[in-house]
Amino acid sequence: MSQENVEIVHQVLEAWNRRDFGEAVRVAHEDVELHFIGGFADLIGEEFDGREGLIRFWRDMLETIGGQVALESTLDAGERVAVITTVEGAGAESGAPATLRFGQVWSFRDGKVIRVDFYYEPSEALDAARLRE
């Protein structure tokens, strides 16, 4: 199942770059939760719940920074997938270029995304997934 989970993560990140909300919803469990840890919680809030929360997060991020996601690494952690990504965009109001590099840990239930934890520091995602010594 873990390779299938890795493929789902790749599909969602590619969907972000195409602005395809439908793909994200299709692979998200109805009870999906997005959790923001560390510096992200101060910027975005602590969590978004359900498919509506997922879409609200996507719209908020697109309106704030937009940009494209570049996948730096994907690490299979069994029932979870840890990724390190970079988003390059620009501030909606200022137009100032912005680059965010962060880590995520994706969890799955019944072949769907049930939870994504966003870590401001990529190393924290690796620690959370127990992939760092």
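A contact means heavy atoms within 4.5 Å. By that criterion, residues 24 or more positions apart account for 50% of the contacts in the protein with a separation of 6 or more.

The model is predicted: local features need pLDDT of at least 70, side-chain atom pairs count only at pLDDT 80 or more, and totals for chains, interfaces and linings use all residues. Residues are numbered from 1 along each chain as its sequence is written, and side-chain values use heavy atoms, with hydrogens and water left out.

Followed along the sequence, the order is α-α-β-α-β-α-β-β-β-β-α.

Next, show the C-alpha atoms alone. Along the principal axes they fill a box of roughly 45 × 35 × 25 Å.

The accessible surface comes to about 7,100 Å² (Shrake-Rupley method, 1.4 Å probe), and 46% of it belongs to carbon and sulfur atoms. Of the 133 residues, 42% are buried, that is, under 20% relative accessible area with a 1.4 Å probe, protein chains only.

Then select residues 112-119, which form strand β6, and pick out F118 within this strand. Is F118 buried or exposed? F118 is buried, because its relative accessible area is 7%.

F118 and Q3 lie 115 residues apart in sequence and 21 Å apart in space, C-alpha to C-alpha.

Key. Helices (H or I, at least four residues) and strands (E, at least two) are DSSP runs, numbered from the N terminus. Buried means under 20% relative accessible area, exposed over 50%, partly exposed in between (1.4 Å probe, protein chains only).
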